[in-house]
Amino acid sequence: MLRPESAAEQNFRLDVRAWLAANTPEHLRHLTFRPAPGEIMPWYRRLFERGWIAPHWPRQHGGMGASPAEQVILAEEMAVFGAPDIPSQGINQIGPLLIRFGSPAQRALHLPLILSGETVWCQGYSEPGAGSDLASLRTRARIEGGEFIIDGHKTWTTWGQHAHWMYALVRSGAAGRRHEGISFVLIDLTTPGITRRPIRNIAGDEEFCEVFLDRVRVPVANVVGEAGAGWRVATALLNEERIRIGSPLLALKALERLRAVARLTGADAAPQMQERIAQAELEVETLIAAYLEALEQLDGGDPASASACLKVLATETVQRVLDAAQEAAGGARALLRPLMAEGMRIDFSEMVLQSRRLSIYGGSNEIQRSLIASRVLGLTDGRRKPG
Amino acid sequence: MSAAAAAERRLIAKSAADLLDGLGGMVRARRLRDAWPQFDAGAWRAMAGAGWPGSLVPEDQGGAGLAPDGVCALLEAAGGRLAPEPLAACIATGLALARSATPRAVALLQGLLRGERIVVPAASADGAWPGEPGIDIVRSSKGIRLSGLVPRVPDANGASDFLLGLEVEQDFVLLHLEASDPALELQASSTVDGGSLGALHLDGLIADPEHTLLSGAPARTAVAALADALALGRAAQLVGVMDEALRITVQYLKTREQFGRPIGSFQALQHRAASAHIDTAASRSLLYEACKAFGTAKQRRAAAAAIARACAAALRVTQDCVQLHGAIGFADECDIGLFLRRAMALAGAAGGEIGNRKRYAEAVCG
């Protein structure tokens, strides 16, 4: 972060540093994958008990109410320390959405459990036939008494096999305009009729899965916002999601990885590699500036365009930094297993494979560029009006 | 950034844009591109009248006392209108002059504020200012005797005065050189934007003690502030250049038709324009974040980051804007080429991406 830090911010930085050192088991440091719930949730809970699990949530909902600068400080310290990734769907996606659109009962039930880590959430948006074209989703809900009966097939559901609850988009209304008749529902994954099948990803991990819904009964009280108005709710969430994807945390972690790999292989002795590292640092600094600006302007301007820019910038920055890390790895770049060196787990290939998803999820970067072209630049597609 | 600061910036940018449009906007920019020397005396008087050269000078010394982000908002507007005036340089030297209480500095500052004197740093575009210029320095009873060459000094042609930061026998001094000194010869070479770079030949020029405006630590701090303010100023101009180039290009994409539809309806061009927008927005975010570090231990690193990024991004964006125009973009009659030319000249004057990235990497943060 280039801006000067206040004394309070400097103290916060030191607090975070000391807390991480005292509370993080060694085997959870410098991982390049998301540890399984059994491993990570105790640490998640400690972070919750310290009050730092939800930096960006308002205080009245149990968050930290952290300033943008404090959020960046937290990310910087986590990255340097090598803190593990935690499941983020609850904290970053559905939590903020419920704070904004949830009923008092939904908030009272779910927010505390998200904060404490007792409930792990996943997202039920994509379907085999509805990826970038999300509004073409076909999972159906018919109303029977006070219940939705849901039939359908969700896919690419990150951490779906570990999750307790899923928030999903389902088609509940009559066939009308594409964006109408969609409802946003909260589904308890212990409900009968749900089958989950893990999918192995390009990095060889089972981090996402398919979710089959066969006559799954969900109380109508689990609809967020109005039934049939789910598209608006989801769109608001997409903006929030993209801003959070825009967090510099991953880019900062990638930068640490680059430095570690270059040090380990001795690649950092070459001026060309030093140059590449400086370039990576500068790109991450740019991302931090853009992230701070986006957070500071969350309440003004068009969040859709700011979040689209940030999503592209953040994800492509991570990928470029990891490209440099691959160059630093040299002949070792394709090694499957990590090495232990200098007390650090040095991975060569996993993080770069994992990072391919960044420019795909949350709306592919091509979708983001189209959105910027229509929303910000006013370039239409020649067939229909933007929006 | 607070909402109040953003509103203030918008206000400054708006009034600067209005003044520049009143002076002739793009018509003036094109006329000056072809003029030699590239100087518009009336425009400079108007800018001085609006207090622009004294933007960073404290109010009690007759300046506008703007914060760095306000100055950048002003220079963004000037960049977007392709104003060729040495605004960034004079704003930066004004800041340095304001730190000296010598009668010469006070008089020079007054001249600068009134628009009567144009004071620029005697710093080569190639050297990291304040680098070591290739000149021999001898301290004599009469003063400091300088011989040698300072090559490729931006904004030198038309300047009345130069400021030179120098190491003299373990002392660091800020010197004033007069363009009219017979021992100073200027050789100007044209740049693609209609501007020029000046080679300063010093042939035994003697700077008497009166010409030493600052020495020791205050001189170092003032020269560092001058250099970093200039880097931020040029970054702001570059952001203005790319922003306006993209705006013009998007307009063109909406009106030019091929295959029976506006070419802006084609996704290949949309995505190229969207990438240019992201690049511009990110450069601007970094610029204003860097402004926050001005006057702190991170000042140099932040300013170097902002200018390195702005140099690279402005060249990318203006080149893409030419491409998005197609053949007309390659024709001199089309204004978009003027933006690429200005981006080249500003990036050159500022020391370019790689030179500044090196400064960024070397600058130690406090």
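Modeller: In this predicted model, P68(A), Q71(A) and V72(A) of α3(A) meet I288(A), Y291(A), L292(A), L295(A) and E296(A) of α8(A). By class, that contact between α3(A) and α8(A) is made of 6 nonpolar, 1 polar and 1 charged residues. Two packed helices are described by the angle between their axes and the distance between the axes. Here the axes of α3(A), which covers residues 68–81, and of α8(A) come within 9 Å and cross at roughly 145 degrees. The crossing of α3(A) with α8(A) is right-handed.

Helix α8(A) also has a part in the contact between the chains. That contact draws 28 residues from chain A and 34 residues from chain B. On the side of chain A that touches chain B, two or more residues each come from α8 (271–296), α9 (303–329) and α11 (365–376) of chain A. The largest share of that side, 10 residues, is supplied by α8(A). The residues of this side of chain A divide into 15 nonpolar, 6 polar and 7 charged.

The C-alpha trace of chain B spans about 80 × 45 × 40 Å along its principal axes. Of the 366 residues in chain B, 57% are buried. Among contacts in chain B with a separation of 6 or more, 74% are between residues 24 or more positions apart.

Conventions: Residues are numbered from 1 along each chain as its sequence is written. Chains are lettered from A and ligands numbered from 1 in the order in which they are written. This is a predicted model: local features need pLDDT of at least 70, side-chain atom pairs count only at pLDDT 80 or more; totals for chains, interfaces and linings use all residues. Two residues are in contact if their C-beta atoms, placed from the backbone, lie within 7 Å. Helices (H or I, at least four residues) and strands (E, at least two) are DSSP runs, numbered from the N terminus. Ala, Val, Leu, Ile, Met, Phe, Trp, Tyr, Cys and Pro count as nonpolar, Asp, Glu, Lys and Arg as charged, and the others, Gly among them, as polar. Axes are lines fitted to C-alpha atoms, for helices over the stretch in contact, and angles run from 0 to 180 degrees between N-to-C directions. A crossing is left-handed if the near helix is turned anticlockwise from the far one by less than a right angle, and right-handed if clockwise. A residue is buried if 20 or more other C-beta atoms lie within 10 Å of its own, exposed if 12 or fewer, and partly exposed in between; C-beta atoms are placed from the backbone.
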